[in-house]
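Trainee: I would like to go through the labels used for this structure and ask what each one rests on.

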Amino acid sequence: QVDAVRVYVNSSSENLQYPVLFVVRQQKGVLSWQVPLIFRGLYQRTYNYQEVSRTLCPSEPTPETGPSDQIIFVDVSSMAPFNIAYELLVTRLENFQLETNKAFNFTASPSQPQYFLYKFPQDVDSVIIKVVSDAVYPCSVVSVQDIVCPVYDLDHNVEFNGVYQSMTKQAAITVQRKDFPGEQFFVVFVIKPEDYACGGSVPSSIHGNVNRTWNLQRMKNLRVTIVPSIKKSVYVQAMFFSFLSFLSFYLGSVVVAFVHYVRVRRKASAGRLSPEDGSGIMTSSHPIAASTPEGSSYGAIDESSSSGGHQLSSPERGPPAGSDTDSSVEEESDFDTMPEIESDKNVIRTKVFLYLSDLSRKDRRIVSKKYKIYFWNIITIAVFYALPVIQLVITYQTVVNVTGNQDICYYNFLCAHPFGVLSAFNNILSNVGHVLLGFLFLLIVLRRDILHRRAMELKDVYTLDYGIPKHFGLFYAMGIALMMEGVLSACYHVCPNYSNFQFDASFMYMIAGLCMLKLYQTRHPDINASAYSAYASFAVVICLAVLGVVFGKNDMWFWVIFSMIHVLASLALSTQIYYMGRFKIDGPDSDLGIFRRAAMVLYTDCIKQCSRPMYMDRMVLLIVGNLVNWSFAIFGLVYRPRDFASYMLGIFICNLLLYLAFYIIMKLRSSEKLLPIPLFCIVATGVVWAAALYFFFQSLSSWEETPAESREKNRPCILLGFFDDHDVWHFLSAAALFFSFLVLLTLDDDLDAVRRDKIPVF
């Protein structure tokens, strides 16, 4: 048992010109202070304390010398020309050494700090120091220091040594045996003279009364408990769980592929095998010309009398661009006697009822190469984006390890398990799902791509003229984006803080944007955005996100500008979507041309003529979409949410969900089917996303607040004693994104045997 001595002094003198000086000399060190003891705060404010209590650095008996008496000299002096009364009390501490799993209560103040000794038990390699208090203020600091004298236990020097973190109501520090060769350490508790560092009010810049004494006005009751942390076997179990959970998706994919292979072999033996059966392209060797039911919004008519006029293109004709020149839509056109006009895309896209054949007229090979650019560009972006990020977070982690300042990173300290140089390995490991499932999605897309190429090599006419055109570039880009989301989320969680949150959100913006582009590309393959314009738009979004994080907290001007940009961008995009990309900015007033023309069309078509919109379905979607986006803009302008990055992400996700719901509704309205696999993926997506969002909103930390306030939200682990709520969010969100991608990949497999001039565009 280690003995410790505590010295208490008190002086009635408030004269700062002639303080009483106390010097304590021990065998291995000297400790000195004055009374009144002065603490300096923000703006050089001073706080005076007449009562001071300090614990002397203990001397532990060695095996060579054995127990011995401690000799302590206390020198008291003052330069005052008059007598000063003081009180001196030296006591022996009965509970200086903390015990494992046993709570200890005590009181501290700025002039009466406390520290205690802890020794690692033989079978414990890591412990968690948990400190709680019923009161938020005064602000305090918890420090872990090696057994070295002097002990830094005052506000101005507690940060000089060891590991420390600020605290309001809760703090937790994980300590490993390997970091302390002596297998013991001091736990130091310091109360700060001001509360602004913990989120309290900022003191006035005007100096207060320098003679004011504080003494017992900032006392804080604390309770400390030291509990063993997890063992190495838990790390192994957590790693196995993380990898096996997602490798099971690989097994499921193999099972589905095997079942499909068996079905293909059976069809082959029965003589019903299609050229590309199983790739999501063809399901029958005899395509069914399924037309839209009579009376639907797409105006399809019964073509039984004219269906015989359709001639299948020959394989030697090449890509299907311009192949369907006698579709039912054309028969309703005023220009059906002038086939040369059909080559003008502006004329084609002015049809009231568009079909997929109208928007898939370009050379398939050229369009496919155009979408492959998405894949190569995102790889380039990922490399240039990830390398500086990795370098930066390594620097952050190094700074944390060297300085011991645990206020730099916003971990869930009650469930932060270190591994090597990493402070919260569990938050990094839980992102492995994004990488594994992103790679699995790439393999699934690659399989479909290979089967599609084989069918194209056969020059099969059904492959050319039936079903949704197969362009896989965006799918490859989505798979890479999912993998990079895992990598960058792991980088963010190396040291989560205010400065690097955009690392975690950047590729989420890109994933949402790519999904919307892919959904639009499905029935608009010829007029979708190019990779260059799409990624340029994502770059603008990320720039706005960064500006929002920096200026979005208190600057009203930023929210006004952002809301205007948001609303104008929604209107501009709506006009382009409504008119199928035929809106051009030209003329002398090109800067405002698109908006002026949009206003003119709104006036002439909707107000002046009071006519029914030409494209009703698109109009309904765009009206709802604009109402949603305007609501977001108004909400941001009124409430100015502090978490701007999540606000931006919410805008993207809501728009994606709105478009996906519209697409599925219109698909069902057009008498199209949902096959079992996409139906299962839709249900799985909804269920997993609901569960994931539940854990996402279980806030465990917040870099919008001070580090001490953030720790009030910390919670213990909930899964395997290793993962917390946010780790479960990582697991579930990875699965949810994977199922979401599969929905987009398989949603229109039911159209593989339908002629493109029978597939409506919406």
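Trainee: Where is Thr 91 placed?

Mentor: In this predicted model, Thr 91 lies in strand S8, residues 86-92.

Trainee: Why is Thr 91 called partly exposed?

Mentor: Its relative accessible area is 34%. Buried means under 20% and exposed means over 50%, so at 34% Thr 91 is partly exposed.

Trainee: What makes Ala 4, Val 5 and Arg 6 contacts of Thr 91?

Mentor: Contact means heavy atoms within 4.5 Å, and Thr 91 meets that with Ala 4, Val 5 and Arg 6, leaving aside neighbours within four places in sequence.

Trainee: How do you know that the span of helix H10 is close to the expected one?

Mentor: H10, residues 531-551, has 21 residues and reaches 30 Å from its first C-alpha to its last. The expected value at 1.5 Å a residue is also 30 Å.

Trainee: Which residues of H10 are buried, and what covers them?

Mentor: Among the buried ones are Tyr 535, Phe 538, Ile 542 and Val 549. The cover includes helices H4, H8, H9, H11 and H14.

Trainee: What makes the nonpolar surface patch?

Mentor: Its members include Met 556, Met 564, Leu 627 and Trp 630, and its area is about 680 Å². H11 and H13 each supply at least two residues, and H11 gives the most, with five. Met 564 is found in H11.

Note on methods. Residues numbered from 1 in each chain as written. Predicted model: local features only at pLDDT ≥ 70, side-chain atom pairs only at ≥ 80, totals over all residues. Heavy atoms only, no water. Helix = DSSP H or I, 4+ residues; strand = E, 2+ residues; numbered from the N terminus. Buried < 20%, exposed > 50% of the residue type's maximum accessible area, 1.4 Å probe, protein only. Expected span 1.5 Å × (residues − 1). Patch = residues over 30% accessible without salt bridge, like charges linked within 9 Å, V, L, I, M, F, W, Y side chains within 5 Å. Areas by Shrake-Rupley, 256 points an atom, 1.4 Å probe, with all protein chains shown as cover. Salt bridge = Lys/Arg side-chain N within 4 Å of Asp/Glu carboxyl O.
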